[in-house]
Amino acid sequence: MRNIPVLTFLLLVLTFNAFGQVDLAYYLPTDVSYDQSIPTPKEVLGYEVGEWHVSHDQLIYYMRTLSKSSERIVLQEFAKTYEDRPLMHLIITAPENHSNLEEIRQQHVALTDPSSGVSPEEVKLVHWMGYSIHGNEASGSNAALVAAYYLAAAQSPMINDVLENTVIVFDPSYNPDGLQRFSTWVNMHKSSNLVPDPAAREFDEMWPGGRTNHYWFDMNRDWMPVQLPESKGRIAQFHNWKPNVLTDHHEMGTNSTFFFQPGILSRKNPLTPMANVRMTEKIAEYHASMLDSIGSLYYSEESFDDYYVGKGSTYPDLNGGVGILFEQGSARGHLQENQFGTISFPQAILNHFTTSLSTLRAVHQMRGELLSMQNDFYKESLRMAGNDAVKAIVFGSEKDPMRSFHLMDLINQHDIAIHPVKGSIKKNGKSFAEGSYIVPLNQPQYRLIKSMFEKRTAFQDSLFYDVSTWTLPLAFNLDYAELSAKDYSSSNLGELISESPTTPKGTVSGNSDYAYIFEPYGYYTQRAIMRLVEEEVVVEVSHAPHGTSTQTFARGSIVIPVGIQREKKEKIDNLVKVIAEEDGIDVYALNTGLSTAGSDLGSREFEVLEKPEVAVLVGDGVSSYEAGEVWHLLDQRYGMQVTLLPVASVNRDISRYNKLIFPNGSYRDISARGIDNLKKWVSSGGVIVTWKNGGKWLADNEISGAKYVSPEEDKEGYKRYVDLSQTRGAQVIGGTIFEAKLDLGHPITYGLVSETIPLFRNHSLMMEKSTNQYANPIVYTDAPLLSGYVSEEKLAELKSTPAITISQMGRGRVINFTDNPNFRAFWYGTNKLFMNALFFGQTISSGAAE
């Protein structure tokens, strides 16, 4: 055994200040001994923890080494990132538990099923320890080095007891790609003599920074939407283990201290039981005690909330566990000045390690309470379901089964029982049949289901750390209905959806030497178009219906004229089969161009589509989140080659592109020459698609004809200082769903069937109505609020304002959305508007533009 020498906290601080680094003794408790056969981080990596920022490959190398060195640890890889980095966790428990680990897991999971009869006294507690979902909040993953060593090497009766009764799921890096990106940046700018100057390049990350994953998503918003491979893998493991406690280690501003939950009580999710709050408060006492012992400043019950279920510290609360958020004032490098003097990287690591231990101590001593709370949570959920007049929720789309499928797939990943509809269910004037799905509420995941589907407009508090609503069928723009017991029967439940559901398939009806046609309703309509134009197949979009003897095809239908490109007949036949099979679209053979209703195929109402050559503007001043959402959408879902174009490139030749995307941003790096380039480019036929401040920048520089509403001046002369944050915060639209009405004959709305659509808004920018009555094909309704928080003042301002303005400059078009149509990758419902703008924008008549 190896004993770590005892050092006082004061001596440790002085040691760091004098030499710029510390050894392992700085972090480790001295009330235990350590197994000398377990390698320390320095013995494996060659440097002390906190001396350098660990890269993800080094972190994983150390975890692999530990798993080979300790009988307490088994390493499991459960997913890969977009950059092909492994996502893995260590399963840490007593060696004898590993011999029957699967039995332990199954018995623990059975506790969440009230029908199993398993009691809390029979099962092991499961504790999930997770670090640094934001890659540039790196003290968490660096603390994981120390925590993993401690759990492998520490020797004491208390440690043995913890491991005997607990299974620890240890996730050292929630965000491998971001951690790797950030560690490279700070390490390449580290000086031998540490420079704490906040203006130093070390603290000024290059865009987009290391916070996000490969496609620049904030993964701490994806626990519920599960659109990313990291989240898909993690959520599968979460439900594989059903942890009692999950920790989520973050960083915040350099001048901050340390935060631990509970957060602001008035902002907790209403579906989270008070038992969860009381348990979190009790665990917080352990954090306070251990942080006191090392002299760290901290706070709780301020700033942060537990409302949005897509965050790592909230998701467990609606799954029978306790999620705990930790926020550490960040060094953002190795040593940085702050209001207290300096904050060092080892100090930040120490606080995260200390609260890792305080949580471990709490869950051990509160084991019975936590297991009982989990069991009671699911029993109470079933009681709530039994008392709910709503017994099931049905959703679907007759015209676009793929959108329905993707919502089903999202829900299915959360251990929620869901079935395809068998037969037909009618409710509220709508019919739900094949391609629809039904979610019974009488199941253990009742609370999570309610949080996914509910619409809420009344709140205890008017401030939110994140969004105030996320109603999923609105996000997917799907019909849905709440069903009572009399609205359906068990005969309407198809076979329970499996873990790997099959995507919907289309069909090819007939074979033609003349033409093929498919309607625009499918989510992957534009992916089908891309398959064709990439093979240089002529493709047309119809601006009028086209009728045959058996059916009428809607405006926006896509026509593939075979007769005028017979040399491509074999290629076209193969492509339409792929479109049916992979894009889920029904394709129909046409043997005549004559229409029984609407326009003939040779009419001018059919317009040849050009292949989109797309560039997304990226770089300083542009929202990396919103640029990343576009990149992900086009690259991953639509299979398109998209150029990530630095903003300053607009100052040079951009003629190789015919579509430019301006995400939300300031565009300060575009010069007067660049503005002139853009005007000439648009005039020559280019199409710009933009939203939020990207659109306003274009309007301010007279590239777009859209006009924006000036904020109203607050003329009230006196307000109390203590009300400042509450009053101003109440006027923020942080994430709310509104209803807009559509002009269904407009190219922007092709493929949509309802005259209204839900739009997501998380800003207060608004446009004025165009003087051209045809230039605003989407307008907010007179009573637009569907779900979420908005002040009465902002709601009144938003009513009847445009959600889109079409502008013309020469032969080109500028399409200004007010809102981001691609929010967080799960807003499938408005992706259609964005893709229509990209593919059909050049076809919009000049008479319908500002």
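Visitor: How many bridges join strand β2 (residues 73-80) and β3, and in which sense do they pair?

Guide: In this predicted model, local features need pLDDT of at least 70, side-chain atom pairs count only at pLDDT 80 or more, and totals for chains, interfaces and linings use all residues. Residues are numbered from 1 along each chain as its sequence is written, and side-chain values use heavy atoms, with hydrogens and water left out. Strands (DSSP runs of E, at least two residues, numbered from the N terminus) pair if DSSP finds at least two bridges between them. A79 stands opposite L87 in β3, and the sense and count for β2 and β3 are antiparallel, over 7 bridges.

Visitor: Which residue takes a positive phi in the hairpin of β2 and β3?

Guide: The hairpin has 5 residues between the strands. Among the residues of this hairpin, a positive phi near 65° is taken by D84.

Visitor: How many of the 13 residues of α8 are buried?

Guide: Helices are DSSP runs of H or I with at least four residues, and α8 covers residues 176-188. What covers its buried residues includes α3 (56-69), β3, α6 (139-153) and α9 (229-241), where contact means heavy atoms within 4.5 Å. The buried residues include F182, W185 and V186, and the helix is largely enclosed by the rest of the structure because the buried count is 10 of the 13 residues.

Visitor: With which side chain does the side chain of E626 make a polar contact?

Guide: E626 lies in helix α18 (residues 624-637) and is buried, with a relative accessible area of 8%. Not counting residues up to four places away in sequence, E626 touches P663, N664, W691, K692 and N820. A polar contact is a pair of N or O atoms within 3.5 Å; within protein, one must be able to donate a hydrogen and the other to accept it, and residues adjacent in sequence count only if both atoms are side-chain atoms. At 2.7 Å, the partner side chain is that of W691.

Note on methods
Buried means under 20% relative accessible area, exposed over 50%, partly exposed in between (1.4 Å probe, protein chains only). The expected span of a helix is 1.5 Å times one less than its number of residues.
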